[in-house]
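Trainee: Could we go through this structure together? I am new to this one and would like to know what to look at.

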Amino acid sequence: MNARAELPLHAPGATTDKGYIGQSVPRPNARRLLQGRGAYVDDLRFARLAHVVFFRSPYAHARLKRLDLSKAARQPGVIAAFDGRAVAEYCKPWVGVLGHLKGIKSPPQFAIAIERACCQGEAVAAVVAETRAQGEDALQHVEADWEELPVVTDMEEALAGKVVIHADLGDNVCFTRGLDTGGVDEAFAKADVIVEETYEFGRHTGVTLEGRSILADYNAAEHTLTVYHSTQAPHMMQDVFSRHLGIPEANVRVICKDVGGSFGIKVHVYPDEMATAAISVMLRRPVKFIADRLESFLTDIHAREHKARVRIACTREGEILAFDLWDLTAIGPYSVYPRTSGIEGNQVVNLTGGPYKHQQYRAQMNVVFTNKNVTCQYRAVGHPIAVALTEGIVDLAAEKLGIDPAEFRRKNLIPDSAYPYTFPSGIKFEKLSHHQSLDRLLELMSYKELREEQRALRDKSIYRGIGLAAMIEVTNPSPAFYGVGGARISAQDGATLRLEPTGMVTCIASVTEQGQGTEGAMAQIAASAVGVALDKVRVITGDTGVTPYGGGTWASRGAGIGGEAVLQAGRALRSNILEVAAHILHADRAELDIVGGEVVNRLTLESRLPLVELGRVAYFRPDTLPLKFQSELTVTRHYTPREYGFTFTNGIQACLVEVDVETGFVKLLKHWCVEDCGTIINPMLVDEQIRGGVVQGIGAALYEECLYSAEGQLLNGSLADYLVPMSAEMPDIIVAHIETPPRQSDLGAKGAGEAGTAGAPGAVMNAINDALRPFKARVAAQPFTPQRVLQALGKV
Amino acid sequence: MDDTLPTTLIVNGERVTRNVAARQHLSDFLRDELGLTGSHTACEHGVCGACTVRVDGAIVRGCLMLAVQANGRKVDTIEGLSDSGEIADLQEAFHRRNALQCGFCTPGMLMAAQDLLTSQPEATREEVREHLSGNLCRCTGYQAIVDAVEDVLGSRRRGRK
Amino acid sequence: MKAPSFSYARPGSLSGVFELLERHGDRARVLAGGQSLLASLNLRLSAPELLVDIACVPGLTGITVAGDKVRIGALTTHRQIERSPEVARHLPLLAQAVRNVACAAIRNVGTFGGSIALADPAAEYPACAVALDATFVLAGRAAERRVRAREFFRGLYETALRPGELLIAGEFPVSGDGYRSVFLELARRRGDYAMVGIAAHARTAGGRISDARLAFLAVSGTPVLAVRAAAALEGRPPDARTVAAAQAALGDELEAPADLYASRATKLHLARVLLGRALGALAR
């Protein structure tokens with residue numbers, strides 16, 4: 001029995017040789033980036049390249065009474081100028097709704113708005129020029145007369161609906177969802193302790209360092225469109241370009257080279273990017289659009305503007321009986337295509353209370369339109385909100401009951417032996433490890449000693465706080481996420497593996513690389529599955545003309561779904577190679593194995609045939625092989641998770657802060673995260689995903705907010721005013737893992753990319769509130785700025 | 001039309017002369033005129049540090065210096081530092097520690113790190129964090145970068161002894 | 001965003017600068033280090049016709065000590081100030097302040113004169129210059145004149161510079177015997193412009209504070225010298241009551257307009273906290 005080739009890697013009792021899986025090897029593709037020799041869209045050079053810039057609405061809501069582009073069109077270097085109607089001839093509008101989000105509604109959205117702008121920054125004209133600078137010069141000569149319309153920026157006013165943004169839709173409610181297990185009122189009636197709090201979450205955004213970037217190159221002779229795109233989902237975009245530009249799908253090729261950060265920002269359909277593609281068709285030449293930083297702040301999707309009231313009922317002994325949630329979120333004037341802007345709120349409903357074993361749960365959630373920029377899925381979609389309000393209210397209950405917060409969690413976390421488990425919101429957990437994770441965390445951070453230190457320091461007027469946040473996380477989504485709702489977004493992914501004549505292995509995967517290390521992880525799996533050294537594997541991703549069809553990289557799916565496809569393809573290739581070897585060596589296939597790029601005797605490991613020799617024979621001298629035998633040294637395999645809607649992961653974070661109670665400044669001293677992403681392919685890459693994610697979560701907790709005036713003007717749309725975490729203020733982050741692989745796949749990998757962002761804000765909030773406890777003060781509105789801390793303390 | 005000025009620079013040791021529009025900043029000049037696309041522009045208002053290059057040996061924001069201001073001066077970019085081997089140990093440490101993800105900040109980050117390594121060879125971990133605070137990395141959370149720089153501080157110190 | 005089109009000149013002498021400034025009037029802007037100017041041009045916040053780069057004008061760089069004055073040339077960079085033994089010895093307030101200026105890459109290029117002439121209300125040098133009672137040397141085509149820092153900053157980004165004039169240096173009195181300096185600021189992130197800051201300079205003898213100059217930054221359109229707070233301290237030890245009286249006095253003299261992240265109340269509160277801390281540090 002060949003353990004390595006056939007068993008799931010996580011089979012019980014198996015002495016499986018995992019090869020590179022589980023090893024912290026550096027990723028090969030990092031070398032070009034370290035020398036500045038990557039290829040981001042803006043690095044590509046094209047003859048006759050035109051640059052498009054957009055004339056954007058200065059108002060949050062206004063009717064365009066008159067638009068005159070003639071003067072702009074006459075400026076030096078200008079090639080063309082277009083309004084919304086002209087572009088609409090080439091690009092059909094879209095509506096961001098999905099069938100499984102019952103009742104969700106949104107108005108049609110055009111690549112360039114026609115007649116009316118519904119948020120500041122919405123493009124109403126495009127100017128194409130020989131250089132970006134000339135295009136911007138010409139924008140100064142666009143003449144527009146506007147009639148300002150009533151503006152709705154406050155969520156609760158939007159819900160009340162005195163002013164309706166889209167009259168055709170009847171009200172400002174995009175989507176609403178209620179959930180009730182029954183028994184909630186009874187649970188509250190019999191509770192010994194009830195706690196309630198209202199949490200607010202600032203709208204923030206992803207700030208990918210590379211702005212959104214697209215270069216569309218239409219070839220009129222072939223009626224083909226090649227799009228170089230900084231995107232997470234090349235096949236989804238291929239489909240979208242095809243359908244909306246009316247070009248056969250086979251004629252659209254999306255190529256995704258290096259991507260300078262994505263975090264969910266680059267998985268949506270943006271009007272200006274669609275317009276760029278349309279204009280390439282219109283002008284029959286390559287056209288490029290790179291969102292500059294100001295455009296990024298105005299038009300990259302925002303996320304997380306929520307106000308949520310949560311109540312829980314507990315017994316005197318500290319058992320949580322029920323959760324009751326009311327959540328309101330505002331998404332701007334359109335539900336974003338094609339994933340919709342209903343998902344974030346939906347996830348808050350799904351996930352609130354998720355780590356705990358109560359059986360009663362009620363939620364009411366409303367998603368409303370406002371005249372601010374659109375919001376949609378950004379890293380950890382809905383999780384940071386669900387985790388913060390769950391963990392905030394749990395801490396409050398523990399405090400009221402006089403129970404240590406770690407102990408309170410231990411009482412209420414779903415037992416590790418309870419799986420499979422269905423949570424009251426309907427989501428199913430295959431296997432989680434909350435208690436193991438909690439134990440590991442408390443040990444890792446020396447919880448008891450920290451508590452003692454905290455007490456001792458308080459006597460010296462030093463106010464430290466320790467905050468915990470348990471979490472569950474959606475990863476490896478099945479077709480239940482988007483496909484069932486009618487979205488043409490692939491839940492399956494594929495990998496093609498090819499043995500080259502030189503003994504190298506080429507791995508072509510449909511999942512994409514945006515810096516997480518997807519290509520490195522795929523190389524590790526491929527090398528391990530085939531039996532070659534890591535440096536003998538080349539990975540190709542991000543080209544719809546080349547790779548198998550797939551969803552790309554989002555929702556923490558790259559390793560778990562794409563990785564399983566590579567594993568299966570690698571095993572199949574290995575099997576095919578051994579068949580060739582058996583013929584060449586006149587040996588029994590079962591006696592052979594592949595180790596270190598050589599066919600060996602399986603038992604003695606004696607070298608029998610290097611792959612380079614096998615490749616030579618298979619490709620150049622197949623005449624020496626049996627007549628009826630044809631070698632197959634290229635194989636493709638696909639994988640779709642189907643048994644569960646999502647492969648849930650779990651984890652717990654802790655944060656240690658010191659609050660300066662005179663200034664309200666919060667100093668982050670240390671952060672810990674224990675998480676369970678199943679089989680770990682590369683511990684270093686996973687740790688770095690966690691750390692980067694934690695820091696984005698810290699950004700949300702302490703710094704980041706898109707501030708709007710009542711008139712819908714973004715007030716801090718530059719990197720000088722919108723604060724992102726920088727190195728000096730960030731703490732060291734200690735990461736540890738529990739490995740509970742799901743049985744659904746042989747690889748057993750779950751996602752890890754969003755866990756840090758999901759849990760960090762809740763942990764930071766709880767730490768601040770723990771520090772403020774002697775003052776009976778607490779904060780509940782993110783970001784926790786010095787002013788908000790001072791307000792909580794009653795000092796301002 | 002743009003006012004252009006003949007401008008001569010020594011870029012990565014090579015003399016280049018171009019007629020340069022007065023308004024073109026150094027980063028755009030390096031990228032668009034010379035094809036040295038290793039330096040990135042990500043904010044163009046001096047905050048993010050992705051455009052950091054060296055002018056006459058000192059790190060500067062490429063987006064906050066006009067190409068014409070650099071007339072007659074020596075400019076070093078990530079491509080030059082890579083080819084000369086000057087930061088090979090630092091790049092190796094970044095690679096080993098996975099101190100980069102998307103790589104967009106990396107050239108600027110390496111420039112800032114090399115500046116620290118040469119100007120403050122005894123820097124503490126806190127000083128490393130401070131020195132790099134002018135360079136935004138949205139992916140890593142910074143810790144691996146700080147670890148990598150500390151590794152090289154140590155190895156260069158040992159190398160000198 | 002890309003800067004709008006402009007012309008560029010790099011005269012080699014002061015007279016060349018004046019000639020250009022005279023010819024182009026307010027359509028010309030002086031380019032020193034450019035660390036604020038070029039950012040604002042890239043944001044298309046202004047559209048000058050001409051940039052006059054003064055980098056090649058001789059005699060504008062360097063730090064010299066003459067008698068009881070330290071002269072800092074307009075083109076002296078933050079980095080040079082940071083590394084200057086003269087500044088460390090004679091102007092400890094400035095030496096502390098410069099560490100808060102932006103980051104290394106900007107400190108390498110940004111200049112003393114640029115910072116003063118721009119007069120950003122949250123910048124460090126203007127407050128230091130006011131606290132230390134520095135004088136600025138303003139050169140015009142016809143003559144040079146000297147303006148006290150306390151009269152130089154007129155309003156938000158407004159200074160005493162006249163059209164056609166160039167700030168060529170600052171002259172600081174060397175720190176006197178028995179005087180101590182403390183610079184403190186609160187910034188959300190290292191190198192950010194301050195939410196509130198204080199440049200404090202005072203004589204501390206026998207546990208008492210006298211001749212205190214308390215200049216605040218980021219609390220008004222200009223640096224603000226808190227004279228009432230200083231009066232409350234004069235000749236007293238900085239005990240709790242005295243400090244409280246000085247802190248209370250700030251309410252009358254700091255305008256503290258709200259910004260994106262802090263209300264007037266927050267700014268005033270933080271200014272008081274900083275004053276308390278600065279006095280504590282002075283007395284230590």
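This is a predicted model: local features need pLDDT of at least 70, side-chain atom pairs count only at pLDDT 80 or more; totals for chains, interfaces and linings use all residues.

Trainee: How many residues of chain A are in contact with chain B?

Mentor: On the chain A side there are 52 residues in contact with 48 residues of chain B, where contact means heavy atoms within 4.5 Å. About 4200 Å² is buried between chain A and chain B, and carbon and sulfur atoms give 54% of that area. Buried area here is the accessible area (1.4 Å probe) that two parts lose on being put together, summed over both.

Trainee: Which residues in chain A lose the most area to chain B?

Mentor: They are A:Leu34, A:Leu209 and A:Ser727, which together account for 18% of what that side buries.

Trainee: And what is the area buried between chain A and chain C?

Mentor: That area is about 2300 Å², with 59% given by carbon and sulfur atoms. In chain A, A:Phe665, A:Leu723 and A:Gln787 lose the most area to chain C, together 22% of what that side buries. The contact joins 31 residues of chain A with 22 residues of chain C.

Trainee: Next topic: which residues touch the most other members of the largest nonpolar core?

Mentor: A:Phe241 and B:Val149 do, in a core of 237 residues. Helix 12 of chain A supplies the largest share of this core, eleven residues. A nonpolar core is a set of buried Ala, Val, Leu, Ile, Met, Phe, Trp, Tyr and Cys residues joined through side-chain atoms within 4.5 Å. Buried means under 20% relative accessible area, exposed over 50%, and partly exposed in between (1.4 Å probe, protein chains only). Helices (H or I, at least four residues) and strands (E, at least two) are DSSP runs, numbered from the N terminus.

Trainee: What does B:Val149 touch?

Mentor: Not counting residues up to four places away in sequence, B:Val149 touches B:Leu90, B:Phe94, B:Ala113, B:Leu116, B:Leu117, B:Val128 and B:Leu132. B:Leu90 and B:Phe94 are among the buried residues of helix 3 (residues 88-97) of chain B, which also include B:Gln91, B:Ala93 and B:His95.

Trainee: What do those buried residues of helix 3 pack against?

Mentor: They pack against helix 2 (30-34) of chain A, and against helix 2 (78-84), helix 4 (106-119) and helix 6 (143-160) of chain B. Just after helix 3 of chain B, B:Asn98 takes a positive phi of about 55°.

Trainee: Back to helix 12 of chain A: at what angle does helix 11 pack with helix 12?

Mentor: Helix 11 (residues 343-351) and helix 12 (residues 383-401) of chain A pack at an angle of about 35°, with their axes 8 Å apart. Axes are lines fitted to C-alpha atoms, for helices over the stretch in contact, and angles run from 0 to 180 degrees between N-to-C directions. A:Glu344, A:Val348 and A:Leu351 in helix 11 meet A:His383, A:Ile385 and A:Ala386 in helix 12.

Trainee: Where is A:Pro338?

Mentor: A:Pro338 is in the loop between strand 16 (320-330) and helix 11 of chain A. A cis peptide bond joins A:Tyr337 and A:Pro338, with omega about -10°. The bond from A:Tyr419 to A:Pro420 is also cis, with omega near 0°. Most residues other than glycine have a negative phi, and most peptide bonds are trans.

Trainee: Is A:His268 buried or exposed?

Mentor: A:His268 counts as buried because its relative accessibility is 1%. Apart from residues up to four places away in sequence, A:His268 touches A:Met237, A:Ile301, A:Val336, A:Tyr337, A:Arg339, A:Cys376 and A:Gln377. The place of A:His268 is the loop between strand 12 (252-255) and helix 9 (271-283) of chain A.

Trainee: What about B:Glu44, buried or exposed?

Mentor: B:Glu44 is buried, with a relative accessible area of 8%. B:Glu44 has a positive phi of about 60° although this residue is not a glycine.

Note on methods:
Residues are numbered from 1 along each chain as its sequence is written. Chains are lettered from A and ligands numbered from 1 in the order in which they are written. Side-chain values use heavy atoms; hydrogens and water are left out.
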